[in-house]
Amino acid sequence: MLSTQLLHREWTAFRRPGRLIALAVAALIVIALGLVFTSTVDCGDPCPVAPTAADGSIVNDQFWFHHRDLGPNGVITVRMTSMTGTITYPPPNHDQIVSGLVPWAKAGIIIKDGVRQGSPYAALMMTGHHGVRMQADYRQDIAGSSGGPSPGSPRWLRLTRSGDTITGAESADGRSWQTVGTVRLAGLPETVQAGLFAASPGDLTLREVGLGGAIEEVRFTQATGVFDHVEVTGAARSEYGAGASGGKWRSESVGEMNHTDWEKYHTASGAVEKDGVITVSGTGDIGPSEGGMTVTTPLFGLVIALIIVLVVAARFGARSGTPASRPVLAARAVVTGGAIFVAGLVAVGVAVTLGLAILTGKGVNLQPLSPVTGARIVIGLAAVLALCGVLAYGLGVLLRRGWAAILLALALVALPYAVAALPLLPDTVARWLLRLTPAAGFAVQQTAVEYPQVTAHYAPSAGYYPLPGWAGFAVLCAYTLAVLWSATKRTPADPPANWR
């Protein structure tokens with residue numbers, strides 16, 4: 001056990017002005033760069049407001065909606081005979097057109113609490129490459145049958161509402177039905193909107209930059225669904241009486257639409273009805289979104305602070321590691337880690353708190369953050385910085401040369417973290433660096449979520465770490481313990497005779 005007296009003595013030895021000033025500078029850099037960056041963010045005047053779901057999370061909610069009222073108990077049934085799509089290149093090549101559907105293009109039927117973006121919904125749809133899906137409240141996704149519709153092989157879709165419960169079913173012939181899924185949308189009003197919809201998210205492509213890294217490019221797309229045998233029963237009681245099948249159909253976009261050159265000069269998004277056949281075209285998406293800034297946005301200067309921490313700790317280990325006993329080395333490691341943890345806690349806590357306050361004041365869209373998650377990230381990053389410092393200290397003791405320990409610490413921690421955060425290396429290489437090096441510990445700051453039903457650039461440069469936060473932290477702990485264990489093998493168990 002380490003005595004309080006031993007820890008106090010080693011703290012007295014550690015707290016030289018140069019080291020304390022260096023840690024203070026590292027903390028100030030994190031705070032200053034975070035404030036500068038957030039202060040220069042310009043999203044327009046006013047900032048565009050992103051759709052938010054009931055839980056406050058930012059979502060995608062843009063589609064063409066051909067709809068009518070539906071009461072507390074009702075059914076909408078359609079036959080879908082065709083689904084096609086168009087992909088256009090961005091300017092200056094917007095005249096280049098490719099026929100086809102992106103994987104998560106959507107067309108089908110939907111029940112929604114009004115037309116406000118972000119309101120609850122349940123939808124049963126055909127997708128570009130994933131067959132029939134039932135999706136609800138932006139995150140729920142249930143798979144149905146595979147394949148797509150055609151005039152010779154149409155697909156029947158049905159949504160049934162019973163209060164807050166929505167059930168989706170599909171059929172190949174309109175007689176034999178298979179349930180796809182059932183969801184509950186708590187708090188649905190008596191009258192909701194039910195109808196046909198079409199949406200198509202942008203086509204994501206990756207352009208190579210740097211040494212094989214990639215940045216995102218998105219092309220405009222549009223999806224079109226063709227429906228007939230449209231039947232709705234259970235209109236709102238106040239307008240049509242219980243069980244009525246009448247009702248006025250309305251057609252409009254949820255979210256902005258028809259502003260692109262393709263929609264203006266070629267095919268507009270909308271709904272066309274002729275001889276009982278309804279054709280609905282739309283763009284956009286309905287589902288989760290990782291848009292908006294996150295809690296880590298103000299931590300622009302973290303990598304610079306990391307470099308300072310590694311240099312200070314490695315030099316301290318090389319200068320004070322020998323001659324010393326194992327208890328003394330352990331006490332010095334605790335003192336080093338403790339000092340860095342406090343500095344990191346102040347730096348990250350202040351930068352995040354003030355930075356998010358500035359962004360909120362500007363009206364910038366922010367992903368929601370619970371107090372527990374915020375505390376986890378702030379404390380977790382402080383702990384990661386502390387462990388990185390202890391790792392560098394151990395390298396200093398082990399190598400006994402400050403410059404060698406500094407170079408190795410930078411190569412093991414700072415370099416992988418920096419190059420993985422930038423679109424410099426191929427995504428595969430960046431992922432492996434954040435699995436196999438101590439930089440894996442920085443996964444504790446991840447808040448982004450990968451959604452199977454959303455096509456996105458799930459790479460470290462976009463904020464997606466290959467390991468969960470706890471696993472990355474465990475990798476860093478393993479490296480730190482291995483280095484400290486190796487360092488103690490070069491030191492005596494008891495103080496040397498000439499130890500002060």
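Colleague: What makes the pair Arg184 and Asp164 a salt bridge?

Modeller: The closest N and O atoms of Arg184 and Asp164 are 3.9 Å apart. A salt bridge needs a side-chain nitrogen of Lys or Arg within 4 Å of a carboxyl oxygen of Asp or Glu, so 3.9 Å qualifies. This is a predicted model, in which local features need pLDDT of at least 70 and side-chain atom pairs count only at pLDDT 80 or more, while totals for chains, interfaces and linings use all residues. Residues are numbered from 1 along each chain as its sequence is written, and side-chain values use heavy atoms, with hydrogens and water left out.

Colleague: Where do Arg184 and Asp164 lie in the chain?

Modeller: Arg184 is in strand β11 (residues 177–184), and Asp164 is in the loop between β9 (155–162) and β10 (165–171), 20 residues apart. Helices (H or I, at least four residues) and strands (E, at least two) are DSSP runs, numbered from the N terminus.

Colleague: Is Arg184 buried or exposed, and how do you know?

Modeller: Its relative accessible area is 56%. Buried means under 20%, exposed over 50% and partly exposed in between (1.4 Å probe, protein chains only), so Arg184 is exposed.

Colleague: Why do Glu10 and Arg332 count as they do in accessibility?

Modeller: Glu10 has a relative accessibility of 1%, so it counts as buried. Arg332, at 5%, counts as buried too.

Colleague: What makes α1 and α6 oblique to each other?

Modeller: α1 and α6 pack at an angle of about 60°, with their axes 9 Å apart. The axes are lines fitted to C-alpha atoms, for helices over the stretch in contact, and angles run from 0 to 180 degrees between N-to-C directions. Under 35 degrees is roughly parallel, over 145 roughly antiparallel, 65 to 115 roughly perpendicular and the rest oblique, so α1 and α6 are oblique.

Colleague: Which residues meet between α1 and α6?

Modeller: Leu6, Leu7, Glu10, Trp11 and Phe14 in α1 meet residues of α6 that include Val328, Ala331, Arg332 and Val335. Contact means heavy atoms within 4.5 Å.

Colleague: What salt bridge does Asp228 form, and how are its two residues classed?

Modeller: Asp228 pairs with Arg79, the closest N and O atoms being 2.8 Å apart. Asp228 is in strand β15 (residues 221–233) and Arg79 in strand β3 (residues 73–88), 149 residues apart. At 12% relative accessibility Asp228 counts as buried, whereas Arg79, at 21%, counts as partly exposed.

Colleague: What makes β2 and β12 paired strands?

Modeller: Two strands pair if DSSP finds at least two bridges between them. β2 and strand β12 (residues 192–199) have seven, in the antiparallel sense, and Trp64 has Ala198 in β12 as its bridge partner. On β16, β2 has five bridges, again antiparallel, and Phe63 has Val254 as its bridge partner.

Colleague: Why is β2 described as largely enclosed?

Modeller: Eight of the eight residues of strand β2 (residues 63–70) are buried, so the rest of the structure largely encloses this strand.

Colleague: Which strands make up the open sheet, and why are β8 and β16 called its edges?

Modeller: The order of the seven strands is β8-β7-β6-β5-β12-β2-β16, with antiparallel pairing. β8 (140–143) and β16 (250–254) each have a single partner strand, so one side of each is left without a neighbour in the sheet. Neighbouring strands of this sheet are turned by 25° against each other on average, direction ignored. Within the sheet, strand β5 (residues 106–112) and strand β6 (residues 121–127) pair antiparallel over seven bridges, and Lys112 stands opposite Tyr121 in β6.

Colleague: How do you know that Ala318 is buried?

Modeller: The relative accessible area of Ala318 is 19%, so it is classed as buried. Ala318 lies in helix α5 (residues 302–320). Leaving aside neighbours within four places in sequence, Ala318 is in contact with Gly396, Val397, Arg400, Arg401 and Gly402.

Colleague: What share of the whole chain is buried?

Modeller: Buried residues make up 48% of the 500 residues in the protein chain.
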